[in-house]
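Here's a quick briefing to read alongside the model. Have the sequence and the 3D view open as you go.

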Amino acid sequence: MSTARIHWASGPVVRARPEGAFQLREAVQVGARALLGEVTRIDRDEIVIQVYEDTTGLRPGDTVRGAGTPLAVRLGPALLGNVFDGLLRPLAAGAAAQLESGVRRRTPVEIEFAPGVKPGDVLEPGTPFGTARNGSGVAQACLLPPGTGGEIVSVAPAGRLSDEAPVCSVRGADGAVVEIAMSHDWPVRVPRPAAARLPSDEPLLTGQRILDSLFPVGLGGKAAIPGGFGTGKTVLLETLAKWCHADVIVYLGCGERGNEMAGLVEEFPQLADPRTNRPLMERTVIIANTSNMPVAAREASIYSAITVAEYFRDQGKHVALMADSTSRWAEALREVSGRLGELPGEGGFPPYLSSRLAEFYERAARVRTLAGDTGSVTILSAISPPAGDFSEPVTSHTKRYVRSYWALDTKRAQARFYPAIHPLQSYSENAPDFARWWEASGNARWLELRRRFLTLLDEQAKIERMARIIGKDALPPGQRLTLTCAELVNDAFLRQSAFSEVDRYAGPARQAAMMQVLARFVALAEAAGHAGVEPEAIERMEGFRRLQRMGEEIGEDGIERFAQLTAALEREFAGLAKPEEARHAP
Ligand code: ADP
Ligand code: MG
């Protein structure tokens, strides 16, 4: 393998004189401590290396050794249930101290293997050759790596084996025999291939009403969550990790404070999957690269995370990748670029910020896998714009690549209105694609009701602007009624406590029922308004108060009670109209 000699070092960036050939993106070992690095630029008589570990102590003259292969992460059955650093080296769960920097080496893990093929079988690349069960007993498919296929020469009998030991050998088309282990390496910056990209016409359910019913994200879609400090990005991502209908969760803590990440690393292993009651960690991979860990590893961590997500997608799983936060990733990119002496662009970020973001989001997809299954990777990423300014480069470039945009609002968060997603600043561009799914799931009028709610909220904002000038009491009754209805939609539907036993999760049936009863209320209230009933009389109705409390009072197991609530509302409105009719009667 080639070597090079260091002549310049600045933070995570090292320049060296090559003695032999290096490849772009080649993994290297730097200095006596064999720090992990990657070749990021090759000039005529110099290579530039990004080092993923603390470079303190490196000196001119130290040696760089090329690995001959690109920087890669090890994918396999040992991932689920564990916590890793930005380059997928294990951190022991619960050991917050391990979130400190330091050189880590991966050690093989014993895994229960069961063969699914026999010698003589012919397999296509990316298809399963066996099953692996890790410590918690969860079965995972062992797939041939993409690019490797052919006739099975030998396969190991069932038993506990090292995840890195060969368990199967395959003779390829060229006659060469390749040994395959349960785990294999994959270059992080290269997307894993799939047979086809599929359209996304099904939402990734989150259990959050404002998301599923107003701003859905598709399976294989991408959503950005911009929000100022303390607006609830982390709480929202954690809530989504607990409740969203994904088979596998990849949670990337990227550049956030170590204590927050340590909290997550301690909390997650104790949580039960609310829908199956199995430990949530069984289907979760946590990747932690906190603010105190090497900055270059943070830059690499989003590629590690998306590669892990694709690996599970290839097994026919629906994977949700939570990234908290992509701003910290972009800051790492900026810092490394600065050390390289590159010309800065907008906000000091390198000019390639936008294309790097595009490459990352492009890897979210719903696909037909090489093995013929359907799998998906959905990206849900937090953005922390400095001073909450959404016009800054990371937010504005991200907007070009995501189709769902969930803007957290400082005012809502200050009013403790959670989730603090602003209904007028957020959007879901492909919501119409999910109308058929909602129709099949008990809400045939979903698109119409969704539009009704959004219009109501938009009218509310306009009327409130007017009210600030002329005073609320001076508004005509029709506008006061619109405010009453819009506030009800906010309080009874959009507001949802992450900490309420009953309401923290709303399944599609309950969301549909709540949407329908609220829409019925709005229609009845408007009819009553036209008939001369004052908005204040409507606010005093028993049914109005029951609607305000329905999220807390009617849980997932009480869906039929929404029909009773609707019937009671109709009776109460009928009674309300009578005295008015009497007054107008001759
Ligand atoms: P960010 O990550 O945007 O800086 P956090 O997610 O850490 O913000 O939220 C800050 C605080 O706001 C939390 O500690 C919690 O007290 C409160 N909070 C955020 N979201 C919710 C929620 N959905 N329900 C209740 N409280 C919340
Ligand atoms: Mg946070």
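Helices here are DSSP runs of H or I that cover at least four residues, numbered from the N terminus. With that in hand, helix 10 spans residues 446–470, and Met466 sits in it. Keep in mind that this is a predicted model.

- Met466, Ile469 and Ile470 together make a nonpolar surface patch of about 310 Å².

**Glu38 and its surroundings**
- You'll find Glu38 in strand 4, which covers residues 35–42.
- Glu38 has 1% relative accessibility, so this residue counts as buried.
- The Glu38 side chain makes a polar contact with the side chain of Tyr52, at 2.4 Å.
- Setting aside neighbours within four places in sequence, Glu38 is in contact with a list of residues including Arg25, Val48, Gln50, Leu71 and Arg189.

**Aromatic pairs**
- How many aromatic pairs are there? The count comes to 11.
- Tyr311 and Phe312 make an edge-to-face pair, with 5.1 Å centre to centre and 70° between the planes. Both of these residues are buried.
- Trp438 and Trp446 pair up as well, but stacked: 5.8 Å centre to centre, with 20° between the planes.
- Trp438 is buried because its relative accessible area is 0%, and Trp446, at 1% relative accessibility, counts as buried too.

Note on methods: Residues are numbered from 1 along each chain as its sequence is written. Chains are lettered from A and ligands numbered from 1 in the order in which they are written. This is a predicted model: local features need pLDDT of at least 70, side-chain atom pairs count only at pLDDT 80 or more; totals for chains, interfaces and linings use all residues. Side-chain values use heavy atoms; hydrogens and water are left out. Patches are made of residues with over 30% relative accessible area and no salt bridge: like charges are joined within 9 Å, nonpolar side chains (Val, Leu, Ile, Met, Phe, Trp, Tyr) within 5 Å. Accessible areas come from the Shrake-Rupley method with a 1.4 Å probe; for residues, only the protein chains shown count as cover. A salt bridge is a side-chain nitrogen of Lys or Arg within 4 Å of a carboxyl oxygen of Asp or Glu. Helices (H or I, at least four residues) and strands (E, at least two) are DSSP runs, numbered from the N terminus. Buried means under 20% relative accessible area, exposed over 50%, partly exposed in between (1.4 Å probe, protein chains only). A polar contact is a pair of N or O atoms within 3.5 Å; within protein, one must be able to donate a hydrogen and the other to accept it, and residues adjacent in sequence count only if both atoms are side-chain atoms. Contact means heavy atoms within 4.5 Å. Rings of Phe, Tyr and Trp (its six-membered ring) pair if their centres lie within 6.5 Å; planes under 30 degrees apart count as stacked, over 60 as edge-to-face and the rest as tilted.
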